Amino acid sequence: MNKFHTFTGLVAPLDRANVDTDAIIPKQFLKSIKRSGFGQNLFDEWRYLDHGEPGMDPSKRKLNPEFVLNQSRYQGSEILLARANFGCGSSREHAPWSLQDYGFRVIIAPSFADIFFNNCFKIGLLPIILDTGSVDYLFDAVKTIDGYQLTVDLQNQVVATPKNEVFDFAVDAFRKHCLLNGLDEIGLTLQHAEKIKQFEQKRRNEQPWLFA
């Protein structure tokens, strides 16, 4: 998992509340357990005018020109600005995978569904909760100013605007530590690799019949 410190990224506004995981990545694309390849089908039913199925060439599909991610001013966005209860619905890990694979590193919203929120941290995608008034302010700014960017500073737990307006956000200390150091659950386990080897050797010596 990549380390997360401070970065400045273009913001895309998804002005919809209660966006569920089936809207984020429709169920027909859940056949793979790899973490890559889902970005092209992120928000598939909203991005395209035809029905999507696995294996279809996205370059040959008809885009919905009204959908925010298809608008030229938001190409290359790394921060998604969303409304309340983002990521609700079924608890599919593919939802944060698809957002990250598309290129998003941060999602800002007034609230998230619990399971989706937890799954984001597992892959290094940072979900930030700001109050509704702050989110409303950012939506207005993003829609008014082309190329609107925000700077996210995880160490100091702030989001800063181009005008140096600062929004504080909370993050669990352990999750913050993992993001700053690029540690997912496997990485955390490997920090104790030597102790694990010692335990396994001791077990093999004491109970050799288990390894016959």
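Salt bridges and strand pairing

The structure, a predicted model, holds 7 salt bridges.

User: What makes Asp-22 and Arg-92 a salt bridge?
Analyst: The closest N and O atoms of Asp-22 and Arg-92 are 3.0 Å apart. The cut-off is 4 Å, so the pair counts as a salt bridge. The pair links distant parts of the chain, with Asp-22 in helix α1 and Arg-92 in the loop between β2 and α3, 70 residues apart.

User: Why is Arg-92 called buried, and Asp-22 partly exposed?
Analyst: Arg-92 has a relative accessible area of 13%, and buried means under 20%, so Arg-92 is buried. Asp-22 has 26%, which lies between the 20% and 50% limits, so Asp-22 is partly exposed.

User: Which salt bridges does Arg-61 form, with Asp-44 and with Asp-50, and what makes them count?
Analyst: The closest N and O atoms are 2.8 Å apart for Asp-44 and Arg-61, and the N to O value for Arg-61 and Asp-50 is 3.1 Å. Both values are within 4 Å, so both pairs qualify.

User: How do you know that Asp-44 is buried?
Analyst: Asp-44 has a relative accessible area of 1%, which is under 20%, so the term applies. Arg-61, at 8%, also counts as buried, whereas Asp-50, at 28%, is partly exposed.

User: Why are β1 and β5 said to pair?
Analyst: Pairing needs at least two bridges. Strands β1 and β5 have 5 bridges in the antiparallel sense, so they pair. Thr-8 has Thr-151 of β5 as its bridge partner.

Methods:
Residues numbered from 1 in each chain as written. Predicted model: local features only at pLDDT ≥ 70, side-chain atom pairs only at ≥ 80, totals over all residues. Heavy atoms only, no water. Helix = DSSP H or I, 4+ residues; strand = E, 2+ residues; numbered from the N terminus. Salt bridge = Lys/Arg side-chain N within 4 Å of Asp/Glu carboxyl O. Buried < 20%, exposed > 50% of the residue type's maximum accessible area, 1.4 Å probe, protein only.
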